[in-house]
Amino acid sequence: MFVAHEIATGLRGGYQVVAADLNRDGKPDLVAVSSGLTELIWFENPSWTRHVIASGVAAPINVAVADIDRDGIPEIALAYGFSTNPAQSAGNVVLFTHGADVNAPWTPREIDRVPSAHRLRWYTAPNGERWLINSPLAGATAAPPDYKGATPIYVYRPPEWKRELVTDKEEGVVHAIEPLTAADGTLGIYAAGFMGIHGYRFAGGAWTRESVVAGDPAPWPKGGSSDVAFGRTAGTRFVAAIEPWHGNEVVVYRAAGNAWTRTVIDTAVTDGHTLVVADFDKDGRDEIVVGQRGGSRNLWLYTSDASGTKWMRSTIDDNMAAAGCTSADFDGDGRTDLACIATVTANLKWYRNN
(Lines give C-alpha, C1' and ligand atoms only; values in the text may rest on other atoms or scores of the structure.)
Protein backbone atom coordinates (compact mmCIF):
# COMPACT_ATOMS: atom_id res chain seq x y z
CA MET A 1 0.00 0.00 0.00
CA PHE A 2 2.90 2.36 0.78
CA VAL A 3 6.11 2.98 -1.16
CA ALA A 4 8.98 4.37 0.91
CA HIS A 5 11.09 7.35 -0.19
CA GLU A 6 14.01 8.38 2.01
CA ILE A 7 14.34 12.12 2.52
CA ALA A 8 17.29 12.40 4.91
CA THR A 9 19.75 10.43 7.02
CA GLY A 10 22.03 11.39 9.91
CA LEU A 11 19.17 12.82 11.98
CA ARG A 12 20.58 11.80 15.36
CA GLY A 13 17.83 11.27 17.89
CA GLY A 14 15.11 11.71 15.26
CA TYR A 15 12.00 12.42 17.34
CA GLN A 16 9.15 14.31 15.66
CA VAL A 17 8.04 15.30 12.16
CA VAL A 18 5.28 17.81 11.34
CA ALA A 19 3.69 18.52 7.95
CA ALA A 20 3.07 22.18 7.09
CA ASP A 21 3.32 24.45 4.04
CA LEU A 22 6.21 26.75 4.97
CA ASN A 23 6.71 28.53 1.64
CA ARG A 24 3.10 29.12 0.54
CA ASP A 25 3.33 26.91 -2.57
CA GLY A 26 0.38 24.70 -1.62
CA LYS A 27 2.53 21.64 -0.86
CA PRO A 28 3.04 20.27 2.67
CA ASP A 29 6.68 20.47 3.71
CA LEU A 30 8.21 18.65 6.67
CA VAL A 31 9.63 20.13 9.89
CA ALA A 32 11.98 17.64 11.56
CA VAL A 33 12.99 17.56 15.23
CA SER A 34 16.12 15.56 16.10
CA SER A 35 17.08 15.61 19.77
CA GLY A 36 20.70 14.73 19.00
CA LEU A 37 21.17 17.79 16.79
CA THR A 38 21.32 21.48 17.68
CA GLU A 39 19.41 22.63 14.60
CA LEU A 40 15.72 22.84 13.79
CA ILE A 41 15.34 21.99 10.10
CA TRP A 42 12.70 21.69 7.41
CA PHE A 43 12.57 19.87 4.11
CA GLU A 44 10.97 21.49 1.07
CA ASN A 45 8.45 19.44 -0.92
CA PRO A 46 8.93 17.99 -3.57
CA SER A 47 12.73 18.28 -3.89
CA TRP A 48 13.09 17.77 -0.13
CA THR A 49 15.82 20.40 -0.02
CA ARG A 50 17.07 20.91 3.53
CA HIS A 51 16.72 24.35 5.20
CA VAL A 52 17.71 25.51 8.70
CA ILE A 53 15.11 27.34 10.79
CA ALA A 54 17.36 27.76 13.84
CA SER A 55 20.79 26.76 15.15
CA GLY A 56 22.11 26.48 18.70
CA VAL A 57 19.00 24.80 20.10
CA ALA A 58 20.32 22.00 22.32
CA ALA A 59 18.14 18.93 22.97
CA PRO A 60 15.09 19.99 20.90
CA ILE A 61 12.05 17.86 21.68
CA ASN A 62 8.85 19.19 20.07
CA VAL A 63 7.38 21.71 17.65
CA ALA A 64 3.89 23.00 16.93
CA VAL A 65 3.09 24.86 13.71
CA ALA A 66 0.24 27.33 13.06
CA ASP A 67 -0.35 30.53 11.07
CA ILE A 68 -0.92 32.96 13.92
CA ASP A 69 -0.67 36.22 11.96
CA ARG A 70 -2.64 34.77 8.99
CA ASP A 71 -0.11 35.74 6.34
CA GLY A 72 -0.19 32.28 4.79
CA ILE A 73 3.08 31.12 6.35
CA PRO A 74 2.95 29.55 9.79
CA GLU A 75 4.80 30.38 12.97
CA ILE A 76 6.68 27.59 14.72
CA ALA A 77 6.80 26.98 18.47
CA LEU A 78 9.73 24.90 19.72
CA ALA A 79 10.52 23.27 23.07
CA TYR A 80 14.20 22.52 23.63
CA GLY A 81 16.68 22.02 26.46
CA PHE A 82 14.84 18.80 27.33
CA SER A 83 15.71 16.09 29.83
CA THR A 84 13.58 13.28 31.26
CA ASN A 85 14.80 14.49 34.65
CA PRO A 86 13.03 17.82 35.30
CA ALA A 87 15.84 18.98 37.59
CA GLN A 88 18.20 18.85 34.61
CA SER A 89 15.89 20.41 32.02
CA ALA A 90 15.83 24.10 31.10
CA GLY A 91 12.62 23.63 29.11
CA ASN A 92 12.97 26.60 26.73
CA VAL A 93 9.78 27.49 24.83
CA VAL A 94 10.44 29.68 21.79
CA LEU A 95 8.24 31.08 19.02
CA PHE A 96 9.89 31.44 15.59
CA THR A 97 8.67 33.81 12.87
CA HIS A 98 9.86 33.93 9.26
CA GLY A 99 11.45 36.84 7.44
CA ALA A 100 11.26 37.80 3.78
CA ASP A 101 13.14 34.62 2.87
CA VAL A 102 11.66 31.53 4.54
CA ASN A 103 14.81 29.60 3.57
CA ALA A 104 16.93 31.84 5.82
CA PRO A 105 17.07 31.38 9.63
CA TRP A 106 13.89 32.48 11.41
CA THR A 107 13.61 35.00 14.27
CA PRO A 108 13.14 33.57 17.78
CA ARG A 109 11.16 34.94 20.70
CA GLU A 110 11.50 33.06 23.98
CA ILE A 111 8.18 33.02 25.79
CA ASP A 112 8.86 30.70 28.75
CA ARG A 113 11.11 28.18 30.48
CA VAL A 114 9.42 25.17 32.08
CA PRO A 115 11.37 22.13 33.32
CA SER A 116 10.85 19.16 30.97
CA ALA A 117 8.67 21.09 28.51
CA HIS A 118 7.83 18.15 26.29
CA ARG A 119 4.73 18.50 24.10
CA LEU A 120 3.58 21.66 22.31
CA ARG A 121 0.29 21.83 20.43
CA TRP A 122 -1.95 24.60 19.07
CA TYR A 123 -5.51 24.82 20.37
CA THR A 124 -8.22 26.71 18.48
CA ALA A 125 -10.13 28.70 21.10
CA PRO A 126 -13.88 29.41 20.85
CA ASN A 127 -13.08 32.94 19.61
CA GLY A 128 -10.95 31.55 16.77
CA GLU A 129 -7.60 32.48 18.29
CA ARG A 130 -4.76 29.95 18.26
CA TRP A 131 -3.42 29.29 21.75
CA LEU A 132 -0.22 27.40 22.47
CA ILE A 133 -0.46 24.43 24.84
CA ASN A 134 2.67 23.35 26.74
CA SER A 135 2.58 19.96 28.46
CA PRO A 136 5.69 19.12 30.53
CA LEU A 137 6.66 15.46 30.84
CA ALA A 138 6.33 15.71 34.64
CA GLY A 139 6.21 18.23 37.45
CA ALA A 140 9.25 20.39 38.24
CA THR A 141 10.05 18.49 41.46
CA ALA A 142 9.28 15.00 40.13
CA ALA A 143 12.09 12.50 39.64
CA PRO A 144 12.43 9.29 37.64
CA PRO A 145 11.45 6.51 37.67
CA ASP A 146 8.25 7.10 39.68
CA TYR A 147 7.71 10.79 38.81
CA LYS A 148 5.47 11.26 41.83
CA GLY A 149 3.65 14.59 42.07
CA ALA A 150 1.29 16.86 40.17
CA THR A 151 2.02 17.60 36.51
CA PRO A 152 0.74 20.91 35.12
CA ILE A 153 -0.43 21.77 31.62
CA TYR A 154 -0.06 25.38 30.50
CA VAL A 155 -1.54 27.66 27.84
CA TYR A 156 -0.19 30.86 26.21
CA ARG A 157 -2.41 33.36 24.41
CA PRO A 158 -1.31 35.94 21.84
CA PRO A 159 -0.01 38.57 21.80
CA GLU A 160 1.42 38.55 25.35
CA TRP A 161 2.16 34.78 25.46
CA LYS A 162 1.99 34.77 29.26
CA ARG A 163 1.88 31.43 31.04
CA GLU A 164 -1.59 30.40 32.29
CA LEU A 165 -2.62 27.15 33.96
CA VAL A 166 -4.91 24.71 32.18
CA THR A 167 -4.74 22.11 34.94
CA ASP A 168 -2.66 20.79 37.81
CA LYS A 169 -4.76 17.64 38.17
CA GLU A 170 -2.53 15.32 36.14
CA GLU A 171 -0.02 13.22 38.07
CA GLY A 172 3.20 11.54 37.05
CA VAL A 173 4.27 11.38 33.42
CA VAL A 174 2.09 13.03 30.75
CA HIS A 175 3.53 11.71 27.49
CA ALA A 176 1.15 12.96 24.82
CA ILE A 177 -1.26 15.83 24.34
CA GLU A 178 -3.30 16.16 21.17
CA PRO A 179 -6.01 18.56 19.91
CA LEU A 180 -8.87 16.25 18.91
CA THR A 181 -12.53 16.77 18.05
CA ALA A 182 -14.94 15.34 20.62
CA ALA A 183 -18.19 13.52 19.82
CA ASP A 184 -20.19 16.77 20.16
CA GLY A 185 -18.01 18.45 17.53
CA THR A 186 -16.06 20.68 19.91
CA LEU A 187 -12.28 20.75 19.95
CA GLY A 188 -10.53 19.46 23.03
CA ILE A 189 -6.99 18.84 24.22
CA TYR A 190 -6.52 15.20 25.18
CA ALA A 191 -3.69 14.19 27.51
CA ALA A 192 -2.31 10.65 27.82
CA GLY A 193 -0.16 9.63 30.77
CA PHE A 194 0.07 7.70 34.02
CA MET A 195 -3.49 8.73 34.94
CA GLY A 196 -4.96 7.50 31.64
CA ILE A 197 -6.54 9.80 29.06
CA HIS A 198 -8.29 13.06 29.99
CA GLY A 199 -9.91 15.73 27.84
CA TYR A 200 -9.74 19.50 28.42
CA ARG A 201 -11.98 22.11 26.81
CA PHE A 202 -12.27 25.85 27.26
CA ALA A 203 -15.81 27.23 27.68
CA GLY A 204 -17.35 30.06 29.66
CA GLY A 205 -13.96 31.48 30.56
CA ALA A 206 -12.63 28.32 32.19
CA TRP A 207 -11.14 24.92 31.39
CA THR A 208 -13.16 21.78 32.07
CA ARG A 209 -11.67 18.31 32.59
CA GLU A 210 -13.20 14.95 31.73
CA SER A 211 -11.92 11.43 32.22
CA VAL A 212 -11.98 9.37 29.03
CA VAL A 213 -10.30 6.06 29.94
CA ALA A 214 -7.99 4.88 32.72
CA GLY A 215 -5.56 3.11 30.41
CA ASP A 216 -3.58 0.01 31.27
CA PRO A 217 -4.68 -1.12 34.77
CA ALA A 218 -1.17 -2.06 35.98
CA PRO A 219 -0.05 -0.24 39.15
CA TRP A 220 1.97 2.97 39.09
CA PRO A 221 4.29 3.63 37.24
CA LYS A 222 3.49 0.83 34.78
CA GLY A 223 -0.12 1.76 33.97
CA GLY A 224 -2.04 4.41 32.08
CA SER A 225 -1.53 5.53 28.49
CA SER A 226 1.26 6.93 26.34
CA ASP A 227 -0.27 8.18 23.06
CA VAL A 228 -3.84 8.90 21.93
CA ALA A 229 -5.79 9.43 18.69
CA PHE A 230 -9.46 9.27 17.67
CA GLY A 231 -10.98 7.43 14.73
CA ARG A 232 -14.09 5.77 13.29
CA THR A 233 -14.71 2.24 12.11
CA ALA A 234 -17.95 0.50 11.17
CA GLY A 235 -19.82 3.71 12.03
CA THR A 236 -18.50 3.75 15.61
CA ARG A 237 -16.02 6.10 17.21
CA PHE A 238 -12.90 4.66 18.77
CA VAL A 239 -9.96 5.82 20.83
CA ALA A 240 -6.59 4.40 19.78
CA ALA A 241 -3.78 4.32 22.34
CA ILE A 242 -0.30 3.02 22.98
CA GLU A 243 -0.13 1.72 26.55
CA PRO A 244 1.48 2.04 29.04
CA TRP A 245 4.21 4.76 28.84
CA HIS A 246 6.54 3.83 25.93
CA GLY A 247 4.59 0.60 26.08
CA ASN A 248 4.08 -2.67 24.23
CA GLU A 249 0.31 -2.56 23.73
CA VAL A 250 -1.76 -1.17 20.89
CA VAL A 251 -5.22 -0.59 22.34
CA VAL A 252 -8.58 0.26 20.78
CA TYR A 253 -11.45 1.60 22.91
CA ARG A 254 -14.80 1.33 21.12
CA ALA A 255 -17.73 3.49 22.11
CA ALA A 256 -20.37 1.54 24.04
CA GLY A 257 -23.06 3.98 25.10
CA ASN A 258 -21.41 6.41 27.51
CA ALA A 259 -18.48 4.05 28.13
CA TRP A 260 -15.57 2.58 26.21
CA THR A 261 -14.76 -1.10 25.71
CA ARG A 262 -11.02 -1.78 25.91
CA THR A 263 -9.43 -4.25 23.46
CA VAL A 264 -5.70 -4.90 23.20
CA ILE A 265 -5.08 -5.57 19.51
CA ASP A 266 -1.31 -6.14 19.75
CA THR A 267 1.34 -6.69 22.43
CA ALA A 268 4.41 -7.05 20.18
CA VAL A 269 5.43 -3.38 20.20
CA THR A 270 8.74 -2.41 21.82
CA ASP A 271 9.00 1.17 23.08
CA GLY A 272 5.90 2.33 21.21
CA HIS A 273 6.22 6.04 20.52
CA THR A 274 4.01 7.32 17.71
CA LEU A 275 0.40 6.84 16.68
CA VAL A 276 -1.44 8.07 13.56
CA VAL A 277 -5.09 7.42 12.67
CA ALA A 278 -6.39 8.07 9.14
CA ASP A 279 -8.50 6.47 6.40
CA PHE A 280 -5.64 5.64 4.07
CA ASP A 281 -7.61 3.31 1.75
CA LYS A 282 -10.78 5.46 1.59
CA ASP A 283 -13.08 2.63 2.68
CA GLY A 284 -14.79 4.72 5.36
CA ARG A 285 -12.90 2.98 8.17
CA ASP A 286 -9.83 4.53 9.79
CA GLU A 287 -6.56 2.64 10.01
CA ILE A 288 -3.95 2.90 12.78
CA VAL A 289 -0.21 3.40 12.24
CA VAL A 290 2.14 2.59 15.14
CA GLY A 291 5.89 3.23 15.31
CA GLN A 292 8.27 1.64 17.79
CA ARG A 293 11.76 2.79 18.68
CA GLY A 294 13.04 -0.67 19.67
CA GLY A 295 12.57 -4.36 19.05
CA SER A 296 12.00 -5.34 15.43
CA ARG A 297 11.98 -1.65 14.35
CA ASN A 298 8.88 -2.37 12.26
CA LEU A 299 6.44 0.37 11.29
CA TRP A 300 3.02 -1.27 11.45
CA LEU A 301 -0.45 -0.64 9.97
CA TYR A 302 -3.60 -1.97 11.66
CA THR A 303 -6.77 -2.42 9.59
CA SER A 304 -10.18 -3.36 10.97
CA ASP A 305 -12.71 -5.74 9.47
CA ALA A 306 -16.18 -4.62 8.36
CA SER A 307 -17.55 -5.05 11.89
CA GLY A 308 -14.80 -2.96 13.45
CA THR A 309 -14.12 -5.63 16.05
CA LYS A 310 -11.11 -7.41 14.55
CA TRP A 311 -7.84 -5.79 13.57
CA MET A 312 -5.16 -7.12 11.22
CA ARG A 313 -1.53 -6.03 11.32
CA SER A 314 0.66 -5.49 8.26
CA THR A 315 4.17 -4.06 7.86
CA ILE A 316 4.77 -0.68 6.22
CA ASP A 317 8.54 -0.75 6.78
CA ASP A 318 10.70 -3.45 8.41
CA ASN A 319 13.63 -1.14 9.21
CA MET A 320 12.19 2.11 10.54
CA ALA A 321 12.45 2.74 14.28
CA ALA A 322 9.83 5.47 14.07
CA ALA A 323 9.61 7.89 16.97
CA GLY A 324 7.26 10.31 15.20
CA CYS A 325 4.90 10.10 12.22
CA THR A 326 2.46 12.42 10.49
CA SER A 327 -0.01 12.12 7.62
CA ALA A 328 -0.73 14.43 4.67
CA ASP A 329 -1.15 14.33 0.89
CA PHE A 330 2.45 15.01 -0.06
CA ASP A 331 2.20 14.39 -3.82
CA GLY A 332 -1.20 15.99 -4.48
CA ASP A 333 -2.89 12.82 -5.80
CA GLY A 334 -5.80 13.00 -3.36
CA ARG A 335 -4.59 10.13 -1.16
CA THR A 336 -3.30 10.45 2.39
CA ASP A 337 0.41 9.67 2.63
CA LEU A 338 2.64 9.13 5.65
CA ALA A 339 5.97 10.53 6.86
CA CYS A 340 8.07 9.19 9.76
CA ILE A 341 11.28 10.09 11.55
CA ALA A 342 13.38 7.56 13.45
CA THR A 343 15.58 7.66 16.53
CA VAL A 344 17.75 4.55 16.16
CA THR A 345 17.94 4.53 12.36
CA ALA A 346 18.24 8.36 12.42
CA ASN A 347 16.40 8.93 9.15
CA LEU A 348 13.32 10.56 7.67
CA LYS A 349 11.07 8.92 5.06
CA TRP A 350 7.82 9.67 3.34
CA TYR A 351 5.56 6.85 2.26
CA ARG A 352 3.54 7.30 -0.91
CA ASN A 353 0.06 5.83 -0.63
CA ASN A 354 -0.59 3.70 -3.73
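Student: What makes up the lining of the second largest pocket in terms of nonpolar, polar and charged residues?
Tutor: Eight of its residues are nonpolar, three are polar and four are charged. Here Ala, Val, Leu, Ile, Met, Phe, Trp, Tyr, Cys and Pro count as nonpolar, Asp, Glu, Lys and Arg as charged, and the others, Gly among them, as polar. The model is predicted: local features need pLDDT of at least 70, side-chain atom pairs count only at pLDDT 80 or more, and totals for chains, interfaces and linings use all residues. Residues are numbered from 1 along each chain as its sequence is written, and side-chain values use heavy atoms, with hydrogens and water left out.

Student: Which residues lie nearest the centre of the second largest pocket, and what counts as lining?
Tutor: Ala183, Tyr190, Glu210, Val212 and Trp260 lie nearest the centre, out of 15 lining residues. A pocket is an open set of points on a 1 Å grid over the protein atoms alone, where a 1.4 Å probe fits, with protein on both sides within 12 Å along at least five of seven lines; a lining residue has an atom within 4 Å of a point. The volume is about 290 Å³, counted as the space filled by probe spheres set on the points, which are joined across faces, edges and corners.

Student: Which strand gives the most to that lining?
Tutor: Strand β17 does, with three residues. A strand is a DSSP run of E, at least two residues long, numbered from the N terminus.

Student: What makes the pair Glu210 and Arg201 a salt bridge?
Tutor: Their side chains meet at 3.2 Å, N to O. A salt bridge needs a side-chain nitrogen of Lys or Arg within 4 Å of a carboxyl oxygen of Asp or Glu, so the pair qualifies. The structure holds 17 salt bridges.

Student: How do you know that Asp216 and Arg262 form a salt bridge, and what does the pair tie together?
Tutor: The N to O distance is 3.8 Å, so this pair also meets the cut-off. Asp216 lies in the loop between β17 (206-213) and β18 (227-233) and Arg262 in strand β21 (residues 259-266), so the pair ties together parts that are 46 residues apart in sequence. Asp216 is buried, at 11% relative accessible area, whereas Arg262 is partly exposed, at 31%.

Student: Which residues are linked with Arg262 in a network of salt bridges?
Tutor: Asp216, Glu243 and Glu249 are linked with Arg262 in that network. Glu249 has its closest atoms, N and O, 3.0 Å from those of Arg262. Glu249 lies in strand β20 (residues 249-256) and Arg262 in β21, so this pair joins parts 13 residues apart in sequence. Glu249 counts as buried because its relative accessibility is 12%.

Student: What volume does the largest pocket have, and which residues are closest to its centre?
Tutor: The volume is about 870 Å³. Of its 35 lining residues, Arg121, Glu178, Leu275, Cys325 and Thr326 are closest to the centre. Strand β22 gives the largest share of the lining, six residues.

Note on methods:
Helices (H or I, at least four residues) and strands (E, at least two) are DSSP runs, numbered from the N terminus. Buried means under 20% relative accessible area, exposed over 50%, partly exposed in between (1.4 Å probe, protein chains only).
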